[in-house]
Amino acid sequence: AALPTPDTAALGGLLRTALAQGAPGAMARIDDHRLSWDDHATVYRAMEGVADRATRAVIDTADRVRIGSVTKTFSTVVLLQLAAEGRLRLDTPVNHYLPGLLPDDRITVRHVLGHRSGLYDYTNDMFAQTVPGFEAVRTKVFTYRQLVTRSLQHPRTNAPGAAYAYSNTNFVVAGLLIEKLTGHPVRTEYENRIIKPLKLQDTFYVHPDTRIPGRHAHGYLTPDAKGAALVDATDQTVSWAQSAGALISSTRDLNTFLSALLGGRLLPAAQRAEMERWLPAGTGQAYGLGLRRRDLSCGVSVYGHTGAVQGFYTYAFASKDGRRSLTAVATTSNNGAVHATMLRTLESVFCGRRST
Ligand SMILES: CC1(C)S[C@@H]2[C@H](NC(=O)CCCC[C@H](NC(=O)C[NH3+])C(=O)[O-])C(=O)N2[C@H]1C(=O)[O-]
């Protein structure tokens, strides 16, 4: 059944609410291939506020931003392509490919990509205090193994496969797997398997460089102390995340990426089916492999990923067939009110004007 028409008035109102709640800028782009793939997408763009608080330059949906954990979906596509090529098996233990990395031979690739490994999330300690934690790592360069070592200093949260427990550590292990299986840095694999084929002109993996290339929005970290000044967090290595969260992209590119993924143009059917083997991940949510499903109030489910990296909240979701995609971004983070408001953009775009 065709999706309801997006409620663009409600969408604009939500972006303005996000500004009132402390985001310097907020934007959203909808790409709607309503009829078929060969028709040109109907594109809707909404933007409120500034890209740069110092210059007051207005934000634009063309501005590049840090996308945080939406990176996890890119890393998963690379690994599932390797699985389709017979170079990786999802139910094989990680230690088969990376001998001695993990303390439990039962942890499989599937456990890692579905956040069911039980590996502790080292960012819990790293960012317990938001601004000091960020300032301590913003120019640091970590190796993947240094990050895994931080995780292994804590007990695991669950036995392998026993529960869903989101952990960045899982997608640091994913980066190690990509580099071991291909002999290339993850940047090369993102570029050759996704960025170049889809012509994503705003998508970059520049780690360990600290700058966002070209035209971009600034991101502002909200401190823990109420009323404290926002911190411009735009320039950082994101080395604390790498294959778990260091990609840079744009609303246009993420819509292109999700439409291609859900439209079946990035993975063979067998691997897409693996990616969409859903397990519960909270109320109205499920997680597959590197992919979130959110079940909306109107009965529509949407598929994609959220991202929270210092200064940027990203919400990138599409309809099941990929024909309608939305990427929404707010240029702050550590702000629960803004996060809750931005999540509501999914309702306005995929549920449309509410009958009630
Ligand atoms: C599960 C999430 C929300 S957290 C995870 C990952 N981002 C991080 O792990 C960084 C979290 C700390 C960032 C910081 N917060 C603090 O320092 C709090 N003390 C802020 O808000 O900028 C990402 O991205 N994922 C989101 C996802 O997948 O949606």
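Predicted model: local features only at pLDDT ≥ 70, side-chain atom pairs only at ≥ 80, totals over all residues.
Local features were taken at pLDDT of at least 70 and side-chain atom pairs at pLDDT 80 or more, while totals for chains, interfaces and linings use all residues. Residues are numbered from 1 along each chain as its sequence is written, and side-chain values use heavy atoms, with hydrogens and water left out.

The shell around the ligand holds 18 residues, of which Ser69, Phe127, Thr306, Ala308 and Ser333 come nearest; a residue counts as near if one of its heavy atoms lies within 4 Å of the molecule. By type, the shell divides into six nonpolar residues, 11 polar and one charged. In this division Ala, Val, Leu, Ile, Met, Phe, Trp, Tyr, Cys and Pro are nonpolar, Asp, Glu, Lys and Arg are charged, and the others, Gly among them, are polar. Strand S10 (residues 301-309) contributes the most to the shell, with five residues. Strands are DSSP runs (E, at least two residues), numbered from the N terminus.

An oxygen atom of the ligand lies 2.5 Å from a polar side-chain atom of Thr306. For Ser333, the distance from a polar side-chain atom to a ligand oxygen is 2.6 Å. At Asn334 a polar backbone atom is involved, 2.9 Å from an oxygen atom of the ligand. Taken alone, the ligand exposes 640 Å², and the protein buries 78% of that; accessible areas come from the Shrake-Rupley method with a 1.4 Å probe.

Strand S10 also belongs to an open sheet of eight strands, in the order S2-S1-S12-S11-S10-S9-S8-S7, with antiparallel pairing. Two strands pair if DSSP finds at least two bridges between them. Strand S2 (42-49) and strand S7 (279-280) stand at the edges with a single partner strand each, so one side of each has no neighbour in the sheet. Strand S9 (residues 292-295) is joined to S10 by four bridges, and the two run antiparallel. Arg293 stands opposite Tyr303 in S10.

A second open sheet has three strands in the order S5-S4-S13, with mixed pairing. Its edge strands, S5 (231-232) and S13 (332-333), each pair on one side only. Strand S4 (residues 220-221) runs parallel to S13 and is joined to it by two bridges. Ser333 in S13 stands opposite Leu221; Ser333 is also among the residues that come nearest to the ligand.

How values were computed
Polar contact = N/O pair within 3.5 Å; in protein donor to acceptor, adjacent residues only side chain to side chain.
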